[in-house]
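These are my notebook entries on a structure that I had not looked at before. I wrote down each thing as I looked it up, with the cut-offs beside it.

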Amino acid sequence: MAGHESRTKTGTGSSARSRSRGPGTADEPVRESRGTTRSTPPTRRAGRPSTRLPRRAGADPIDVEAKARARKILRALYRTHPDAHCALDFQTPLELYVATVLSAQCTDERVNKTTPALFARCRRPEDYLSLGSERLEELIRSTGFFRNKARSILGGCQVIAEEFGGELPRTLEELVRIPGCGRKTANVILGNAFDTPGITVDTHVQRLSKRLDLSEETDPVKIESDLQELFPEKDWTQLSHSLIWHGRQICDARKPLCDRCSLRKLCRYPERMASSPALPKATKAAGGTRPKAAKARPRPQKAAAAPPAKKRGSKRV
Ligand code: SF4
């Protein structure tokens, strides 16, 4: 893209890090500095679109105690992961859209190794379209499921070019009309490229919400709604990053490091697991899985009893 400086690894969306510019557009890169910690909380600007869900009918009202507990969890998360940020490298909203599509069933590290060559060739939606599916598939093959991903990216670029004048739209309602862009991806883009607070409910956020008793739900949209009720809007994006980092580094699905966890005093999951006689069938609903029992070692096989050796000369005649 004209006017781009040399490509740098760009931290994303962290309200815990200072921004050197306002939110970017497709032509204006979003730049942030890494490693600075939150000093003043971001404020929501007037007129900015919101990702707030309507209050669910029948949902229990959130009491003061639950909100106070949520605040403590948030503070502990911010203290533990002051640098939490989106791990995907990008410089424009379009790049973040493409990187997020590629990150499905793939590690962020692998995506970050794949995208530089792709982003060097494609800066506008039209560039992806003129690349064609075969060449695009080749460039993204290493991220897996490359045919489906190429189809999503090309379909998405077509919609972005034709319906949105070549730029990613800035509202959730418009973003979810783009192929490959569900509510989760839309929240990633809004929170990290456009500074619009959004809660990204991925597998880590889902698991931690359950373990920390932040939500009883299993449906990501309902979890998002519960978290929106508990946490201030200005914190939604950074909360997502912090939960994802905590899930990756400490609260692993199989082996949570509860003894080392800064949220230990606020979390009843270890007690629940200790007192539950057996792991329930719906392991996901229980917020994860119990650490796998060590595999039983195969017993050393006894040597087959050899037939007693006949003594020489003992045969009676
Ligand atoms: S105490 Fe254990 S289960 Fe609870 S958040 Fe920490 S690591 Fe996860």
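I began with C261 and looked up its contacts: leaving out residues up to four places away in sequence, C261 touches I250, C251 and C267, where a contact means that two C-beta atoms, placed from the backbone, lie within 7 Å. I noted for the numbering that residues are counted from 1 along each chain as its sequence is written. I also noted that this is a predicted model, in which local features need pLDDT of at least 70 and side-chain atom pairs count only at pLDDT 80 or more, while totals for chains, interfaces and linings use all residues.

C261 sits in the loop between α10 (236-249) and α11 (269-275); helices here are DSSP runs of H or I with at least four residues, strands are runs of E with at least two, and both are numbered from the N terminus. I found C261 to be partly exposed, with 19 other C-beta atoms within 10 Å; a residue is buried with 20 or more such atoms within 10 Å, exposed with 12 or fewer, and partly exposed in between, with C-beta atoms placed from the backbone.

I then turned to C267, which is also found in the loop between α10 and α11. C267 counts as buried because it has 20 C-beta neighbours inside 10 Å, and beyond residues up to four places away in sequence it touches R211, L212 and C261.

Next I asked which residues come nearest to the ligand. Of the 13 residues around the ligand, these are C251, P256, C258, C261 and C267, a residue being near when its C-beta atom, placed from the backbone, lies within 6 Å of the molecule. By class, I recorded 11 nonpolar, no polar and two charged residues in this shell; Ala, Val, Leu, Ile, Met, Phe, Trp, Tyr, Cys and Pro count as nonpolar, Asp, Glu, Lys and Arg as charged, and the others, Gly among them, as polar.

I checked the UniProt record, an unreviewed entry, and under "binding site" it lists C251, C258, C261 and C267; its positions are given in the numbering used here, feature names are shortened, and annotations may be inferred rather than shown by experiment. These residues span 17 residues in sequence, yet no two of their C-alpha atoms are more than 11.1 Å apart, so they gather at one spot.

Stepping back to the whole chain, I counted 11 helices and zero strands in the protein. Of its 317 residues, 38% count as buried. Among contacts with a separation of 6 or more, 66% join residues 24 or more positions apart.

In α10, 11 of the 14 residues are buried, so I wrote the helix down as mostly covered. The buried residues, including W236, L239 and L243, pack against α1 (64-80), α7, α8 (203-211) and α9 (220-230).

My last entry concerns two loop residues other than glycine with a positive phi. Q105, in the loop between α2 and α3, has phi near 55 degrees and counts as exposed, with 10 C-beta neighbours inside 10 Å. D195, in the loop between α7 and α8, has phi near 65 degrees and counts as buried, with 20 C-beta neighbours inside 10 Å.
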